[in-house]
Amino acid sequence: MARHHNINGNIVPFTAEEEAQRDAEEQAFSDSAFDRAIANLRQERNRKLAETDFHALSDNTMSADMTTYRQNLRDLTNGLSTVEDVNNITWPTKP
């Protein structure tokens with residue numbers, strides 16, 4: 001599908017060079033989809049870990065359930081290789 005610019009109210013088709021540049025930009029964006037998805041997942045995972053950090057302080061005794069929960073959060077990204085994998089993760093249940 002041909003792309004167009006709106007230049008001063010005139011619809012002007014992209015040149016072949018502009019089409020190639022735009023195709024490259026779209027491909028680069030598509031190629032980085034996994035990186036963006038895993039970064040978002042890690043951000044949420046880190047937030048959930050931070051919510052429970054107080055359990056890991058030296059003056060607290062962390063329950064086995066909380067230890068398991070935190071370990072499951074840390075292991076959440078292991079083995080993920082596609083955006084679909086990232087989108088279909090199951091978050092561990094907080095005790």
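Helix H2, residues 33-51, has 19 residues and reaches 27 Å from its first C-alpha to its last, close to the 27 Å expected at 1.5 Å a residue. The expected span is 1.5 Å times one less than the number of residues in the helix. Helices (H or I, at least four residues) and strands (E, at least two) are DSSP runs, numbered from the N terminus. The model is a predicted one, in which local features need pLDDT of at least 70 and side-chain atom pairs count only at pLDDT 80 or more, while totals for chains, interfaces and linings use all residues. Residues are numbered from 1 along each chain as its sequence is written, and side-chain values use heavy atoms, with hydrogens and water left out.

The buried residues of H2 are Ala37, Ile38, Leu41, Arg45, Lys48 and Leu49. Seen down the axis of H2, these buried residues fall within an arc of 110 degrees, so they line one face of the helix. Here buried means under 20% relative accessible area, exposed means over 50%, and partly exposed lies in between (1.4 Å probe, protein chains only). The arc is that of the directions from the helix axis to the C-beta atoms. The buried residues of H2 pack against helix H3 (64-75) and helix H4 (83-87), where contact means heavy atoms within 4.5 Å.

Ala37 touches Val83 and Val86, not counting residues up to four places away in sequence.

The description now turns to H3. This helix has 12 residues and reaches 16 Å from its first C-alpha to its last, close to the 16 Å expected at 1.5 Å a residue. Its buried residues are Met66, Tyr69, Arg70 and Leu73. Viewed down the axis of H3, they fall within an arc of 95 degrees, so they line one face of the helix. What covers the buried residues of H3 includes H2.

Arg70, which lies in H3, counts as buried at 10% relative accessibility. A polar atom of the Arg70 side chain lies 3.0 Å from the backbone oxygen of Leu49. A polar contact is a pair of N or O atoms within 3.5 Å; within protein, one must be able to donate a hydrogen and the other to accept it, and residues adjacent in sequence count only if both atoms are side-chain atoms. Residues up to four places away in sequence aside, Arg70 touches Leu49, Thr52, Asp53, Ala56 and Met62. Ala64 also lies in H3, but this residue is exposed, with a relative accessible area of 57%. Ala64 and Gln43 are 21 residues apart in sequence and 24 Å apart in space, C-alpha to C-alpha.

The strands remain to be described. E1 and E2 pair in the antiparallel sense over four bridges; two strands pair if DSSP finds at least two bridges between them. Within this pairing, His5 stands opposite Val12 in E2. The two strands form a hairpin with two residues between them, and Asn8 in the turn has a positive phi of about 50 degrees. Gly9 is found in the loop between strand E1 (4-7) and strand E2 (10-13), and is exposed, with a relative accessible area of 59%. Gly9 and Pro92 are 83 residues apart in sequence and 54 Å apart in space, C-alpha to C-alpha.
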